[in-house]
Amino acid sequence: MSDVLGPGPKTRVRRLAAKANYERDVIFAVIDEAPLCHVAAIVQGNAMVIPTLHAREGDTIYLHGSPSNAVMKSIVERGEACVSMTLFEGLRLARSGFESSITYRSVVVFGTATLVSDDVEKARVLDLFVDAVLPGRASEVRAMNDAERRLTMVVAVAIDEASAKLSSGPTDDPDEDLDLPVWSGMVPPESTTGRRFLTPTAPWPPGRYRCRRR
C-alpha cells in the first residue's frame, strides 16, 4: 500500500502548491476529524453540492442519505464521486484584507462510487455512521429496523486519489505594511458549551476592541 494518495490528474494542487500534502496519514486524519463533508455532482446538467455526514473505513468513505437524494443518485449512476472536507482552525489577520486569510486543513477526494445493497453490510455500515458521530453509541441505541434501512441509501466511495491542503503559520504581510498601526496575528477558534468564540493570541490595540465576560 502506497504512503501517498496523489498527486493525481484531478487532485494535484496548483494554486499555492507549497501547502499541498498527499500523504495518506495526513489525508485520513482530516477525513476522520471533519464533522461532515460536501459531495458534488452534476444533476440534470446543473452543478450541485450537499453537506452530509460521512464515515471512513480503510480506503473507503461511506455516505448516506435518502434514496431520492438527487446528488447521491447521480454519483451512483456516474460511478464516481468528488468529496471534500475542511477543518477551520482560526483566522490569520494581516494588516490588509488581501493578505488576511484563515488557517485550515482541507481534503479533496475522487473515487469510484458504488451502492451498498447487501442488507448485512448496509446494517454494519449504518452502525459505523453512528459510531463515527459518537464512538460506542451504536451499541446503546435501538437497532435500525427494516423500514428505516429501506429509507436509507448507503454509498461507498473508494479513495482512488486525494490531496490535502494545509494553511497555517504567521501572516504574509509585505514589508511595506509592517509599520502600519494595524493589529496582526492569529485568532484561533475556541468552543465553549457548544458555542464558538474567537480569542486573540496577542493583545488587541488598547481602546479599540472590548470583550464582555459572561
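This note comments on a histidine, the cysteines and a surface patch in a predicted model.

1. Placement of His-54. This residue lies in strand β4, which spans residues 54-57. His-54 is buried, because its relative accessibility is 8% and the cut-off for buried is under 20%.

2. Polar contact of His-54. A polar atom of the His-54 side chain sits 2.7 Å from the backbone oxygen of Ile-31.

3. Cysteines. How many disulfides does the model contain? The count is zero, where a pair of cysteine sulfur atoms would have to lie within 2.5 Å to qualify. Cys-82 is partly exposed, at 21%.

4. Nonpolar surface patch. Leu-36, Leu-53, Val-133 and Leu-134 together form a nonpolar patch on the surface, with about 330 Å² of accessible area.

5. Leu-134 within the patch. This patch member is located in the loop between α3 (119-133) and α4 (146-150). Is Leu-134 buried or partly exposed? Leu-134 counts as partly exposed because its relative accessible area is 46%, a value in between the limits of 20% for buried and 50% for exposed.

Key:
Residues numbered from 1 in each chain as written. Predicted model: local features only at pLDDT ≥ 70, side-chain atom pairs only at ≥ 80, totals over all residues. Heavy atoms only, no water. Patch = residues over 30% accessible without salt bridge, like charges linked within 9 Å, V, L, I, M, F, W, Y side chains within 5 Å. Areas by Shrake-Rupley, 256 points an atom, 1.4 Å probe, with all protein chains shown as cover. Salt bridge = Lys/Arg side-chain N within 4 Å of Asp/Glu carboxyl O. Helix = DSSP H or I, 4+ residues; strand = E, 2+ residues; numbered from the N terminus. Buried < 20%, exposed > 50% of the residue type's maximum accessible area, 1.4 Å probe, protein only. Polar contact = N/O pair within 3.5 Å; in protein donor to acceptor, adjacent residues only side chain to side chain.
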